[in-house]
Amino acid sequence: MDLGISRVILGTAAVENMTLLERLLSVYGNDKIVVSIDAKEGRVATRGWEVISEINSLDLCKKLQSMGVKTIVYTDISKDGMLQGPNF
C-alpha cells in the first residue's frame, strides 16, 4: 500500500489464513482489502481452483461480512471461461 496500490484482492490466503485477513483489515481498513471467492457447486475452491473444500461459499461470505470485509468478488467457476453465460 505504501507504493500507492489502491486495493489488494486476496483469494486462497484469505480462506486459509483468517488471522492474516483480520490483521490486514485492521492495518489497512476494509476499503483496501477485497476477498475473492471462487466456488463450484456452492463450495469454496482454492489454490487456483485445484482444491474444492467443504466450506459453503455463502457461509464464508457471511463470515467475511461479519469480519468487516466490504467487497467480495464471487466467481462461479463451473461456468467461468466456458462461454456459456452466467449461472443463474
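The request and the reply below concern a single helix and its surroundings.

User: Which residues of helix α2 are buried, and what covers them?

Analyst: The model is predicted, and the description that follows rests on computed values. Helix α2 spans residues 18-28, and its buried residues are Met18, Leu21, Leu24 and Leu25. These four lie on the same side of α2, because they cover an arc of only 120° around the axis. The face turned away from that buried side carries the exposed residues Thr19, Arg23, Ser26 and Val27. Glycine 29 follows α2 and has a positive phi, near 90°.

The cover over the buried residues of α2 includes β1 (8-10), α1 (12-16), β2 and α3.

Strand β2 (residues 33-40) pairs with strand β3 (residues 43-46) in the antiparallel sense over 3 bridges. Within this pairing, alanine 39 stands opposite valine 44 of β3. The two strands form a hairpin with 2 residues between them, and glutamate 41 in the turn has a positive phi of about 55°. Strand β3 is in turn joined by 3 bridges to strand β4 (residues 51-56), again in an antiparallel arrangement, with alanine 45 opposite isoleucine 52 of β4.

Helix α3, which comprises residues 57-67, contains leucine 58. Leucine 58 is exposed, with a relative accessible area of 54%. Together with Ile72 and Tyr74, Leu58 forms a nonpolar surface patch of about 270 Å² of accessible area.

Technical notes
Residues are numbered from 1 along each chain as its sequence is written. This is a predicted model: local features need pLDDT of at least 70, side-chain atom pairs count only at pLDDT 80 or more; totals for chains, interfaces and linings use all residues. Side-chain values use heavy atoms; hydrogens and water are left out. Patches are made of residues with over 30% relative accessible area and no salt bridge: like charges are joined within 9 Å, nonpolar side chains (Val, Leu, Ile, Met, Phe, Trp, Tyr) within 5 Å. Accessible areas come from the Shrake-Rupley method with a 1.4 Å probe; for residues, only the protein chains shown count as cover. A salt bridge is a side-chain nitrogen of Lys or Arg within 4 Å of a carboxyl oxygen of Asp or Glu. Buried means under 20% relative accessible area, exposed over 50%, partly exposed in between (1.4 Å probe, protein chains only). Two strands pair if DSSP finds at least two bridges between them. The arc is that of the directions from the helix axis to the C-beta atoms. Contact means heavy atoms within 4.5 Å.
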